[in-house]
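Welcome! Please take a moment to look over the sequence and the 3D structure below before reading on.

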Amino acid sequence: MSQPTIESILQEKRHFDPSPEFSANAHIKSLEQYQELYNRAKADPQAFWAELAEKELHWFKPWESVLDWENPPFAKWFTGGQTNISYNCLDRHLTTWRKNKAALIWEGEPGDSRTLTYAQLHREVCQFANVLKQLGIKKGDRVGIYMPMIPEAAIAMLACARIGAPHSVVFGGFSAEALRDRLIDGEAKLVVTADGGWRKDATVPLKEQVDKALSEGVPSVKDVLVVKRTGQQVHMEPGRDHWWHDLQQGVSGDCPAEPMDSEDLLFILYTSGSTGKPKGVVHTTAGYNLYTHITTKWIFDLQDTDVYWCTADVGWITGHSYIIYGPLSNGATTVMYEGAPRASNPGCFWDVIEKYGVTVFYTAPTAIRAFIKMGEHHPNKRNLSSLRLLGTVGEPINPEAWMWYHRIIGGERCPIVDTWWQTETGGIMITPLPGAIPTKPGSATLPFPGILAEVVDLDGNPAGDNEGGYLAIKHPWPGMMRTVYGDADRFRRTYWEHIAPKDGQYLYFAGDGARRDEDGYFWVMGRVDDVINVAGHRLGTMEIESALVSHPSVAEAAVVGKPDDLKGEEIVAFVTLEGNATASEELNKLLKQHVVSEIGAIARPGEIRFTEALPKTRSGKIMRRLLRSLAAGQEVAGDTSTLEDRSVLDKLREGA
Ligand code: WT7
């Protein structure tokens, strides 16, 4: 994050009201209306969620109980009920005029494009669901999805949901190693992939990565389905690998959605935590559907005339909740773009907005900072007048970037929703409702109705105004994760035991530091655990350390984040070598590459510093605080008396 300047601190005092025209047409039109909803939800959460569930979703069978919180932290929502998110995203729109409305507008990086109406998307999803069934996939079987940003990614997810086969989407930028770990942990029976995908004018060899991932044997995987996207040469393993389009030929476009119990597993999505092993975050059917549906509707203020575009990748939770499930459940038109801004086309995002008349645009602060750097002449050359609402997600947005977004992209007329949430929360938790809540640059503002957010100390005592503390959530909500796949104990330890449960009240620990100002606005400061946020991607420092020490030359490694103007944080690794290895420029490069092949390009360290020893306490704990200061080029402040060997610090300083 760039250091706050006097200027930015003053800007933090500014606030922006939605225009009267925006508010007049919005779903939630005023601060009073928000407060009324918030208070009603707080007073009787179950009644609030029940009313929405009844109004907003189709049910095959009504639920018997709204919330079961008898066995915290394991929540159950809408038990006894049956629904299907694929039905809510597709079938129910077919009996309305939306049948022939664009559901998905897709733009490929090389400039090819495709639009699928609700009827067409429904047909393709049904066909693919039938293909999965023919390959023996049944309700409850896990399916791995490792795809570029093409319509088939959405089709595969919706088809899985349709037959009740939980999907586990793995971001296409993850390495074969990372893919393998996730397929093994989730015991996937089948993998859906493509020959490759387009990324910054080059093709990414996805199928090759799948082959590598499976080469040492992932016993659960029986079949691999391959979409032809780039046309690159790929190996097809007889009996295991099939071309998607071959199997789809002549298959029936009729496949009724399976009635799913509310708490049936919908998907697993892996995310980084403070240990070396990523967690399989579990989301279930009805609560997730309701929560993503209603947050999409109120926060992005979706109207039937909107063309909505979220620039995330379907490999992340933002892609799941706010490219696919939330928008389609609302019958919206959602845009999916394969490409990324690149040297050959720095203005490609603005072209997409102009081409399709995008009205609601949702992206990440790191992207905005990159746009600022590329220059405002790119957006200024395009007609962005269709935009009416902007959003950001992924990390705190610095007020300068917020103001640029507001002026240059929003033409000073579009509200900005800075949305705080996590893979674990399923959907947005703290955010402006754009027609109702005045915004302040850099603040995610107020909790969504039904969300009881607090800033507390580790005993659960609330912090005072503007006092720092831990961001915590007090009451369960429908979109919350249900457990860590295969590790309920880790779920409890990671999220529910950091803050002492008080009088039987459990507080969800988000892992972020925050403060609340005198208006009750939340200012999220960033992670307080060993998780770093690099360009909006969440990485565990231990994960990168394990990758480094798996190299034979490395004895020990300690990874910290260092502030970076563009990416928010940059990875810095301190490494000690095995006796027979010597530090060199070449080894430095090799180790960076090693991390890429263990995890993926997103985890490539910006810097590797070789050192003789790491600063440790007498009990052998690495003192990361010292390393963070050193990495940031700051003087080491605070107490160093627990350091076992003070000369280590001097050597590290010399090496810097
Ligand atoms: C972490 C969650 C869920 C969306 C994508 C990231 C940080 C996310 C904001 C925001 C400040 C934010 C937090 C959070 N974060 N949005 N608007 N303001 N920080 O999902 O990978 O699960 O990461 O991203 O640190 O804990 P994720």
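This is a predicted model: local features need pLDDT of at least 70, side-chain atom pairs count only at pLDDT 80 or more; totals for chains, interfaces and linings use all residues.

**Cysteines**
- A disulfide is a covalent bond between the sulfur atoms of two cysteines.
- How many disulfides does a search of the whole structure find? The search turns up zero.
- Cys-89, for one, is in no disulfide: the nearest cysteine sulfur belongs to Cys-126 and lies 13 Å away.
- Cys-89 counts as buried because its relative accessibility is 0%.
- For Cys-348, the closest cysteine sulfur is that of Cys-310, and the 15 Å separating the two sulfurs is too far for a bond.

**A negative surface patch**
- Which residues form the negative surface patch? They are Asp-457, Asp-459, Asp-465, Glu-467 and Glu-518.
- You can find Asp-457 in the loop that runs between strand S21 (453–456) and strand S22 (469–473).
- With a relative accessible area of 32%, Asp-457 is partly exposed.

**Helix H16**
- Why is helix H16 (residues 399–409) described as largely enclosed by the rest of the structure? The reason is that nine of its eleven residues are buried.
- After H16 comes Gly-411, which has a positive phi near 55°.

Conventions: Residues are numbered from 1 along each chain as its sequence is written. Side-chain values use heavy atoms; hydrogens and water are left out. A disulfide is a pair of cysteine sulfur atoms within 2.5 Å. Buried means under 20% relative accessible area, exposed over 50%, partly exposed in between (1.4 Å probe, protein chains only). Patches are made of residues with over 30% relative accessible area and no salt bridge: like charges are joined within 9 Å, nonpolar side chains (Val, Leu, Ile, Met, Phe, Trp, Tyr) within 5 Å. Accessible areas come from the Shrake-Rupley method with a 1.4 Å probe; for residues, only the protein chains shown count as cover. A salt bridge is a side-chain nitrogen of Lys or Arg within 4 Å of a carboxyl oxygen of Asp or Glu. Lys and Arg count as positive and Asp and Glu as negative; His and the chain ends are not counted. The place of a charge is taken as NZ of Lys, CZ of Arg, CG of Asp or CD of Glu. Helices (H or I, at least four residues) and strands (E, at least two) are DSSP runs, numbered from the N terminus.
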